[in-house]
Amino acid sequence: MTSAAPLPLRWRTATVIARRPETSQVATLVLDVPGWPGHRAGQHVDLRLTAADGYQAQRSYSIASANDGTAVAITVERVADGEVSPFLLDEVRISDDLELRGPIGAYFVWNPEAGNPLLLIAGGSGVAPLMSILRARAQAPDPPAARLLYSSRDEASIIYRDELDRMATATGGPGILYTLTRERPTVWSGALGRIDRAMLERVGFPPTDEPLAFVCGPTPFVEQVAADLVALGYPGERIRTERFGPTGAVG
Amino acid sequence: MTDEVHPLDGNAAAGPLSRLFTSDVSGAVVVCGGCGREGAIATLALYGRDTGLVLRCPTCGTVNLRVLDTGPTIHLDLRGSVRMSVRLALD
């Protein structure tokens, strides 16, 4: 499953060095992590918050950045009634310290040397680890063909929109198709509606091209897309999934 | 916070499990005691959060691992697994 043996994990101190609003509900925090061993595109980190009374809360966040020295970017979406995301979005300031453990993950990772065409399918903030893959791909000397199919509620919820648009128009850039599930803008060049088998067939690569699919989003979204890909002839071992939800160790 | 029925990927258990195994075991291979499926921990279906984690076989639903982390003690129940193989870093 992995070419590199796992590194020992321990909690490290990470310092917030930048924050960027992405949408009204989403922001990216850039953390400086001294001693960061580097990461592979698609991995995640755990963040731990400790209250004054000792209560701790821990959540997993996908790494959104490509491997870049000791800087690690995570993209945080506000979870209604959440314990951790409102704190990260509303309270955390530049130069604050957070506890971080990682990088974690040996499965949902992309190897830039893999020559297979890349089909990336995102639901909502599930685009974060796929952005790490696209950013790593942009740095790769001989990247394979890539397409991103990205489902959002509405146009204002599209994360990384400017950077994705720039990537798409760059020479050798990925093909990108946005689809909106709850809005029909009067001017819109993307798709409308939920991702279904027909859309995947239109946007994806034929199974004979041996594409590698990475799917990330809410659990029902991921399961539906993975089932549709299998139905289209994608073998299970070339479909990598990452489910997230408002619950669980992730959120 | 109310959506407890949907599992996550076993991937998300790798951080909590690293308290016990000291490294990232998301790539460790588990052989299911129910159906014999062999797959990485990352591919199991993860239920629960924080102190209590249950990892089920995605093929037959057998509980392959249970983890209860009380802070001072971690309980690992592997009764639903035939084998777990962890690849270690070489010094």
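The exercises below treat a helix pair, a nonpolar core and several individual residues.

The model is predicted, so that local features need pLDDT of at least 70 and side-chain atom pairs count only at pLDDT 80 or more, whereas totals for chains, interfaces and linings use all residues. Residues are numbered from 1 along each chain as its sequence is written, chains are lettered from A and ligands numbered from 1 in the order in which they are written, and side-chain values use heavy atoms, with hydrogens and water left out.

**Exercise 1. Describe how helix 2 and helix 3 of chain A are arranged relative to each other.**

Step 1. Two packed helices are described by the angle between their axes and the distance between the axes. Axes are lines fitted to C-alpha atoms, for helices over the stretch in contact, and angles run from 0 to 180 degrees between N-to-C directions. Helices (H or I, at least four residues) and strands (E, at least two) are DSSP runs, numbered from the N terminus.

Step 2. For helix 2 (residues 127–139) and helix 3 (residues 161–169) of chain A, the axes come within 12 Å and cross at roughly 40°. Helix 2 of chain A is therefore oblique to helix 3 of chain A; angles under 35 degrees count as roughly parallel, over 145 as roughly antiparallel, 65 to 115 as roughly perpendicular and the rest as oblique.

Step 3. Contact means heavy atoms within 4.5 Å. Helix 2 of chain A contributes A:Met131, A:Leu134 and A:Arg135 to the contact, and helix 3 of chain A contributes A:Glu163, A:Leu164 and A:Met167. These residues comprise four nonpolar, no polar and two charged. Here Ala, Val, Leu, Ile, Met, Phe, Trp, Tyr, Cys and Pro count as nonpolar, Asp, Glu, Lys and Arg as charged, and the others, Gly among them, as polar.

**Exercise 2. Which residues of the largest nonpolar core touch the most other members?**

Step 1. A nonpolar core is a set of buried Ala, Val, Leu, Ile, Met, Phe, Trp, Tyr and Cys residues joined through side-chain atoms within 4.5 Å. Buried means under 20% relative accessible area, exposed over 50%, and partly exposed in between (1.4 Å probe, protein chains only).

Step 2. The largest core has 32 residues, of which A:Tyr150, A:Leu164 and A:Phe214 touch the most other members. Helix 2 of chain A supplies the largest share of this core, seven residues.

Step 3. Setting aside neighbours within four places in sequence, the contacts of A:Leu164 include A:Met131, A:Leu134 and A:Tyr150. A second, separate core of 22 residues includes A:Val33, A:Val84, A:Val92 and A:Leu98.

**Exercise 3. Is A:Ser151 buried or exposed?**

Step 1. A:Ser151 lies in strand 8 (residues 146–152) of chain A.

Step 2. Because its relative accessibility is 9%, A:Ser151 counts as buried.

Step 3. Not counting residues up to four places away in sequence, A:Ser151 touches several residues, among them A:Gly123, A:Thr179 and A:Phe221.

**Exercise 4. What are the surroundings of A:Phe87?**

Step 1. A:Phe87 belongs to helix 1 of chain A. At 34% relative accessibility, A:Phe87 counts as partly exposed.

Step 2. With residues up to four places away in sequence not counted, A:Phe87 touches A:Leu49, A:Val92 and A:Leu98. A:Phe87 and A:Leu49 are 38 residues apart along the chain, and their C-alpha atoms are separated by 9.3 Å.
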